[in-house]
Amino acid sequence: MAGLDRKGRVALALQGGGSFGAFAWGVLDRLLEQGVGIDAISGASAGAVNAVLVASGLQRGGADGAREVLAEFWKGVGDSPRVPSFALSALAASAQLVSPYYHNPLDLNPLRDLLAKHVDFERLRAEPKRPLLIAATRVRDGNLRLFREDEVSLDAVLASSCLPMLHRAVEIEGEAYWDGAYAANPPLRSLAIEAPTEDILLVQIMPEAVDGVPHSSSEIAQRAHTMAFNAALQRELEALENLRAASRRSTALFSPTCRRLRRLRLHRLAATDWVADLGEQSMVDTSPALLHSLREAGRAAAAQWLEGSPAREAA
């Protein structure tokens, strides 16, 4: 495994981005298939969903169990009732005009049932096997809240994936939360401090650049979300680099954390390197065809990374 050190272990940082999370599903599926050890996971939004699926699946049945849980969940996403493709633009447009407190008065969220079916949250909290960091954004002040492995709940993951124009804020212990991708997409600095490994793999699923200027309300809304989610990633990357720079200047030569940070290797797999038209897709499109193509792209990306080959250019 040329992409990793000889121990073949990694910490995962999983970015959020709706249905584009199926790319991360493919990456995870290939890593688990190849026997890569997962020492810690952080995630926001769809990344948080994938994180708890993997953690719960590993508890249930090791690598094969995690692959099975991921496949069952994403099949459930594709099988769920969905808005026809021609109506996705109208949905996105109307979401900008009508509050979810009115267009979704019962706060219906199919993700709730899927997560409850496939993730044993009680066992996750009771038997934590690795650091697990789930990001949510506190509505009151916009600050990051990290839910760790001993406090991860169904509501915490729903908070991490709560797009405020589609769903009501999720309240936990008297605080309201929105999508974690606004604050840290995904958490990197805290992951680097808490993970025992020297290799972090960032799975990036949001397009960083798109051609042209959006004109329709749905295109503008999607571009605004993309910019906000990627800005949160850039803040985390800068915070991680500042942390590493501080560790190099530190006189605490014998601090295990400082030594590990100095040797830290950050790897990145970006969906846009493998899916040429990702910027033209909608992250609320859950059609089986899109999910399958993203999964296959993720598997291919992970396979090439494990072989130590240069990243493939987008076709």
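# Close-up views of a predicted model

Figure 1. The charged end of Arg-295 is placed over the ring of Trp-25, 5.2 Å from the ring's centre. As you look, remember that this is a predicted model. Is Trp-25 buried or exposed? With a relative accessibility of 9%, Trp-25 counts as buried, because the cut-off for that word is under 20%. Arg-295 is one of the buried residues of helix 11.

Figure 2. How many of the 13 residues of helix 1 are buried? Eleven of them are, including Phe-23, Trp-25, Val-27 and Leu-28. Which elements do these buried residues pack against? The partners are strand 1 (9-14), strand 2 (37-44), helix 2 (46-79), strand 7 (199-204), strand 8 (265-270) and helix 11 (288-306). After helix 1 comes Gly-35, which has a positive phi, near 80 degrees.

**Figure 3. Helix 11 packs against helices and strands.** The buried residues of helix 11 include Leu-290, Leu-291, Leu-294 and Trp-305. They pack against strand 1, helix 1, helix 2, strand 7 and strand 8. The length check works here as well: 19 residues at 1.5 Å each should give a span of 27 Å, and the end C-alpha atoms of helix 11 are 27 Å apart, which agrees. Gly-308 follows helix 11, and its phi is positive, near 80 degrees.

Figure 4. Where is Ser-19 found? Ser-19 lies in the loop between strand 1 and helix 1, and its relative accessibility of 3% means that it counts as buried. Leaving aside residues up to four places away in sequence, Ser-19 touches Trp-74, Asp-285, Leu-290, Leu-291 and Leu-294, among others. Asp-285 is part of the loop between strand 8 and helix 11, and at 14% relative accessibility it counts as buried. Asp-285 and Gly-78 are 207 residues apart in sequence, yet their C-alpha atoms are 9.3 Å apart in space.

Figure 5. Phe-147 is in strand 4 (residues 144-147) and Tyr-177 in strand 6 (residues 175-179), which puts the partners 30 residues apart and links distant parts of the chain. Both Phe-147 and Tyr-177 are buried. Now find Arg-145, which lies over the face of Phe-147 at 4.0 Å from the ring centre.

Figure 6. In soluble globular proteins, nonpolar side chains tend to be buried together. Here the largest nonpolar core has 70 residues, and Phe-23, Val-52 and Leu-115 have the most contacts inside it. Helix 2 gives the most to this core, with 14 residues. Another core of 20 residues lies apart from it, with Leu-133, Ala-135, Ala-184 and Ile-200 among them. Which residues does Leu-115 touch, not counting residues up to four places away in sequence? They are Val-49, Val-52, Phe-73, Phe-121, Leu-154, Val-157 and Leu-158.

**Figure 7. The whole protein, for orientation.** The protein has eleven helices and eight strands. Of its 315 residues, 53% count as buried. Among contacts between residues at least 6 apart in sequence, 79% join residues at least 24 apart. The protein exposes about 14,200 Å², with 52% supplied by carbon and sulfur atoms.

Methods:
Residues numbered from 1 in each chain as written. Heavy atoms only, no water. Buried < 20%, exposed > 50% of the residue type's maximum accessible area, 1.4 Å probe, protein only. Helix = DSSP H or I, 4+ residues; strand = E, 2+ residues; numbered from the N terminus. Contact = heavy atoms within 4.5 Å. Core = buried A, V, L, I, M, F, W, Y, C linked by side-chain atoms within 4.5 Å. Areas by Shrake-Rupley, 256 points an atom, 1.4 Å probe, with all protein chains shown as cover. Lys NZ or Arg CZ within 6 Å of the ring centre and 35° of its normal. Expected span 1.5 Å × (residues − 1).
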